[in-house]
Amino acid sequence: MLGCDIMKIGEARAIYSAQLQKYREEKTSLAKQKKQLEEKAKIIPNGKEQFAQEAATLELSYNAVSEKYEEYHNFMEQINTLHTALFNAEASKQQGEAMAEYTQDIVKIMEVARRIAKGAKVPYADEQKLMEYNMEMYMSAKNLAMINMQKKKEEYESLWDEEKDKGENPDPHEVADSAELSLNAPEIVDVADVMAATSGGEE
């Protein structure tokens, strides 16, 4: 029984979306049959009485299918709300990490400018980062370095050498899809079984 299995959110969305589509189609079909039967009963003498049993069976089927449709529809809304919350949480986390990393980079770039201005020797990669960030700041630091040429030159290692490749951040959609479903999932019932139950086992 799928309703008892532990599923990932992505799996649940796919399964219950397909289930919802089947019930939507059956609901539409039954509504059309009901309307056709009503029209037919109007033009035939004693039509309402003649088709009473068929109309009652159609009504039962329509109500049963509608009830299951609403159950799956409400569950899909819960899944989608949970998926959106997890997506937003991951996206916010990544944005926060990116902002923190950017702030750290600015602090390092300012330190590179200070070191250059003092006449110190810094790795070319660090100079390049300063140039890319602000060429005017870089030129000002270089000009001050000329003034401090006579001072003892300190030599620094790159401020970015200790950084390791962190790899790409996961897609927030994938993070949300791969999370375990924490909701009680309704049992998967085939629409044909619902129809059979309301029609006494007849197809």
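## Salt bridges within helix H3

The predicted structure holds 8 salt bridges, and one of them joins the side chains of Glu 111 and Arg 114, with an N to O distance of 2.6 Å. Both of these residues belong to helix H3, where they are 3 residues apart, or about one turn of the helix. Arg 114 is partly exposed, its relative accessible area being 39%.

Helix H3 itself spans residues 52-117.

## A bridge between two loops

A further salt bridge is formed by Lys 118 and Glu 154, whose closest N and O atoms are 3.3 Å apart. Lys 118 is located in the loop between H3 and H4, whereas Glu 154 is located in the loop between helix H5 (135-147) and helix H6 (172-178), so the pair ties together parts that are 36 residues apart in sequence. Both partners are partly exposed, with a relative accessibility of 33% for Lys 118 and a relative accessible area of 39% for Glu 154.

## Glu 127 and its surroundings

Helix H4, which covers residues 124-133, contains Glu 127. This glutamate forms a salt bridge with Lys 142, the closest N and O atoms being 3.5 Å apart. Lys 142 lies in helix H5 and Glu 127 in helix H4, so this bridge ties together parts that are 15 residues apart in sequence.

The two partners fall into separate accessibility classes: Glu 127 counts as buried because its relative accessibility of 13% is under the 20% limit, while Lys 142, with a relative accessible area of 30%, is partly exposed. Once its neighbours within four places in sequence are left aside, Glu 127 is in contact with Val 112, Ile 116, Val 122, Tyr 138 and Lys 142, so that the list of contacts includes the lysine with which Glu 127 forms its salt bridge.

## A nonpolar patch on the surface

Met 99, Tyr 102, Met 110 and Tyr 133 form a nonpolar patch on the surface, and together they have about 410 Å² of accessible area. Helix H3 supplies the largest share of this patch, namely 3 residues, while Tyr 133 lies in helix H4, the helix that also holds Glu 127. Tyr 133 is partly exposed, with a relative accessible area of 33%, whereas Glu 127 is buried at 13%.

Terms used: Residues numbered from 1 in each chain as written. Predicted model: local features only at pLDDT ≥ 70, side-chain atom pairs only at ≥ 80, totals over all residues. Heavy atoms only, no water. Helix = DSSP H or I, 4+ residues; strand = E, 2+ residues; numbered from the N terminus. Buried < 20%, exposed > 50% of the residue type's maximum accessible area, 1.4 Å probe, protein only. Contact = heavy atoms within 4.5 Å. Patch = residues over 30% accessible without salt bridge, like charges linked within 9 Å, V, L, I, M, F, W, Y side chains within 5 Å. Areas by Shrake-Rupley, 256 points an atom, 1.4 Å probe, with all protein chains shown as cover. Salt bridge = Lys/Arg side-chain N within 4 Å of Asp/Glu carboxyl O.
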